[in-house]
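Here's a quick look at a sheet, the helices around it and a few ring contacts. Have the structure open while you read.

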Amino acid sequence: MIALDLIGIGTGNPEHVTLAAIRAMREADLILLPRKGDEKSDLADLRRQICTDHLPDLSRVVEFDLPRRDGETPYLDAVNDWHDAIAGAWKAAIDTHLPGGGRVALLVWGDPSLYDSTLRVAARLGLKPRVVPGVTSLSVLTAAHAIPLNDLAAPVVITTGRRLRQGWPEGADTVAVMLDQGGAFTALDPTGVTIHWGAYLGMEQEALIAGPLAEAGPRILETRAALRARHGWIMDIYLLHR
Ligand SMILES: C[S@@+](CC[C@H](N)C(=O)[O-])C[C@H]1O[C@@H](n2cnc3c(N)ncnc32)[C@H](O)[C@@H]1O
């Protein structure tokens with residue numbers, strides 16, 4: 001019998017790992033850490049560091065190779081195939097390291113409910129996990145700029161850079177954008193739009209820019225390119241308001 005814990009660990013600030021997350025990590029018989037061929041090593045190092053900081057020893061921590069996503073097939077097909085492959089990799093690691101059953105944990109970046117597929121992968125294995133919530137990149141963004149997420153009693157749309165390129169989403173004057181490969185906001189008319197942007201939130205490389213989109217947008221593109229070149233990777237998120 002396998003019990004699965006999906007543990008949100010925040011998005012880079014070790015102080016955002018909650019007491020509940022630490023307790024769940026300590027209760028696990030096996031903690032699986034994904035190893036990506038091209039992984040931003042800073043992120044892999046952070047997961048390892050969290051284990052080192054909070055576990056009595058690392059004997060129950062096992063790394064496994066995360067399958068790569070096929071860039072050729074259409075996006076949703078590729079993602080579905082990829083999730084099948086990840087489910088297979090989890091199963092193989094669990095069968096090898098926990099053959100008699102027990103409690104398995106995965107450390108999930110931010111919170112498992114927000115633009116993360118770990119819950120969908122667990123469903124493929126027929127596992128109903130216990131979820132430990134984590135601090136999301138969106139919370140860290142609004143905290144860093146000291147702004148509310150929503151206008152008074154108003155809705156917010158959370159979307160991806162890929163979707164934003166199709167235009168301002170219906171239903172809200174505030175839009176949070178994640179998973180942007182870079183500059184999706186350039187597809188919008190910047191008139192009357194403000195942006196609050198953050199990269200490497202919660203980490204020592206953290207960078208913040210805010211202002212009217214017409215003026216701040218080009219600065220963000222320039223800064224983003226420079227930071228990406230300097231660190232070899234970047235993760236950023238922003239809030240647009242009109
Ligand atoms: C696959 S999603 C995971 C989101 C995560 N589950 C969460 O709760 O924030 C990755 C996206 O989250 C955002 N993100 C995650 N960590 C971040 C960080 N430290 N700084 C800025 N953006 C971050 C970026 O938009 C990135 O493209």
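Ile-158 sits opposite Ala-176 of β7. Strands here are DSSP runs of E with at least two residues, helices are runs of H or I with at least four, and both are numbered from the N terminus. β6 and β7 run parallel, joined by four bridges; two strands pair if DSSP finds at least two bridges between them.

A word on the source: this is a predicted model, where local features need pLDDT of at least 70, side-chain atom pairs count only at pLDDT 80 or more, and totals for chains, interfaces and linings use all residues. Residues are numbered from 1 along each chain as its sequence is written, and side-chain values use heavy atoms, leaving out hydrogens and water.

The open, mixed sheet has five strands in the order β6-β7-β10-β8-β9, with β6 (157-160) and β9 at the edges. Helix α5 (residues 137-145) lies across β6, β7, β8, β9 and β10, contact meaning heavy atoms within 4.5 Å.

Now the rings: the whole structure has two aromatic pairs. Ring centres must lie within 6.5 Å (Trp by its six-membered ring), with planes under 30 degrees apart stacked, over 60 edge-to-face and the rest tilted.

| Pair | Centre to centre | Between planes | Type |
|---|---|---|---|
| Phe-185 and Tyr-238 | 5.4 Å | 80° | edge-to-face |
| Tyr-200 and Trp-233 | 5.1 Å | 75° | edge-to-face |

Definitions and conventions
Axes are lines fitted to C-alpha atoms, for helices over the stretch in contact, and angles run from 0 to 180 degrees between N-to-C directions.
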